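Hi,

Here is the structure I promised to pass on to you. Please open it in your viewer, and then read on for what I found in it.

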Amino acid sequence: MARLLLIEDDLTIRTPLIRALRERGHAVAAASTAMSGLRDALDDRPDLVVLDLGLPDLDGRELLRMLRTVSSVPVIVATARDDETEIVRMLDAGADDYLVKPFTAAQLDARARAVLRRSAGEPGVAVLVVGGLRVDPRSRQVSLDGVPVELTPREFDLLHHLAARPGQVVTKRELLTEVWRIPYGGADKTVDVHLSWLRRKLGESAQEPRYLHTVRGVGVRLDVPGTGR
């Protein structure tokens, strides 16, 4: 049973969602404002937060930023805003997933279970080792030649996806779908930006790659240094 915190001010949405999620075996608490939601998230330590963006006292984007400074609790953004740029911005700000309203309790339940599985790490998932790079999906920790590398959640997901496919060219379409979980489209620039940040943290650049090799017009490939083609 997961403990969920639903931060949603619309009673007509909040009440049936609480009832339906409880019927699916979750323990559900609710808050109708951003600040009460922040307090509940910190005091009660739920397993997952479902966050509406259109809150009466503070925009959900600001609440997400505040929450991410003090907690790593998984967050699913529930929003009526379906603009792709806005969705990418929320994911990059620390959201683990998103749902565009209207959605059903069954959809939210499925997303919640998937996010909780990812955040906990699947049982038996192996540590990935590529050259001097070590990626641990259970602890979500990365080290390079024995030195810890601090990554954001999205940077970790990006590196993990590539490290699980060493030597394979992975397209931007696949990365957007599997890492950002959004359809391929104009947001592909966000992949380039995150690859740039990831390269910097791994001590390399697009001009002088060690692990991350761009295949122009196709995608990116992670290789052991010295074996890139």
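Histidine 194 touches Asp92, Arg154, Glu155, Leu158 and Trp180, leaving out residues up to four places away in sequence. One thing to keep in mind as you look at these contacts: this is a predicted model. Histidine 194 sits in helix H8, which covers residues 189-201. Is histidine 194 buried or exposed? With a relative accessible area of 2%, histidine 194 falls under the 20% cut-off, so it counts as buried.

Leucine 198 belongs to helix H8 as well. Its relative accessibility is 0%, and leucine 198 is therefore classed as buried. Which residues does leucine 198 contact, once its neighbours within four places in sequence are set aside? They are Leu151, Glu155, Leu158, Leu159 and Leu212.

Next, a residue in another element. Arginine 221 lies in strand E12, made up of residues 219-222. Its relative accessible area is 6%, so arginine 221 is buried. The side chain of arginine 221 makes a polar contact with the side chain of aspartate 223, at 2.4 Å.

Now for the chain as a whole. The protein chain has eight helices and 12 strands. Its radius of gyration is 19 Å, close to the 17 Å that the globule rule gives for 229 residues, so the chain is as compact as a globular protein of that length. Along the principal axes, the C-alpha atoms fill a box of roughly 60 × 35 × 30 Å.

How much of the chain is buried? Of the 229 residues, 45% count as such. The accessible surface comes to about 11,400 Å², and carbon and sulfur atoms account for 51% of that area. Taking the contacts between residues at least 6 apart in sequence, 53% join residues at least 24 apart.

The protein chain has 33 positive and 33 negative charges, and the mean positions of the two sets are 3 Å apart.

Best wishes

Methods
Residues numbered from 1 in each chain as written. Predicted model: local features only at pLDDT ≥ 70, side-chain atom pairs only at ≥ 80, totals over all residues. Heavy atoms only, no water. Helix = DSSP H or I, 4+ residues; strand = E, 2+ residues; numbered from the N terminus. Rg over C-alpha atoms; globule rule 2.2 N^0.38 Å. Buried < 20%, exposed > 50% of the residue type's maximum accessible area, 1.4 Å probe, protein only. Contact = heavy atoms within 4.5 Å. Areas by Shrake-Rupley, 256 points an atom, 1.4 Å probe, with all protein chains shown as cover. Lys, Arg positive; Asp, Glu negative; His and termini not counted. Charge placed at Lys NZ, Arg CZ, Asp CG, Glu CD. Polar contact = N/O pair within 3.5 Å; in protein donor to acceptor, adjacent residues only side chain to side chain.
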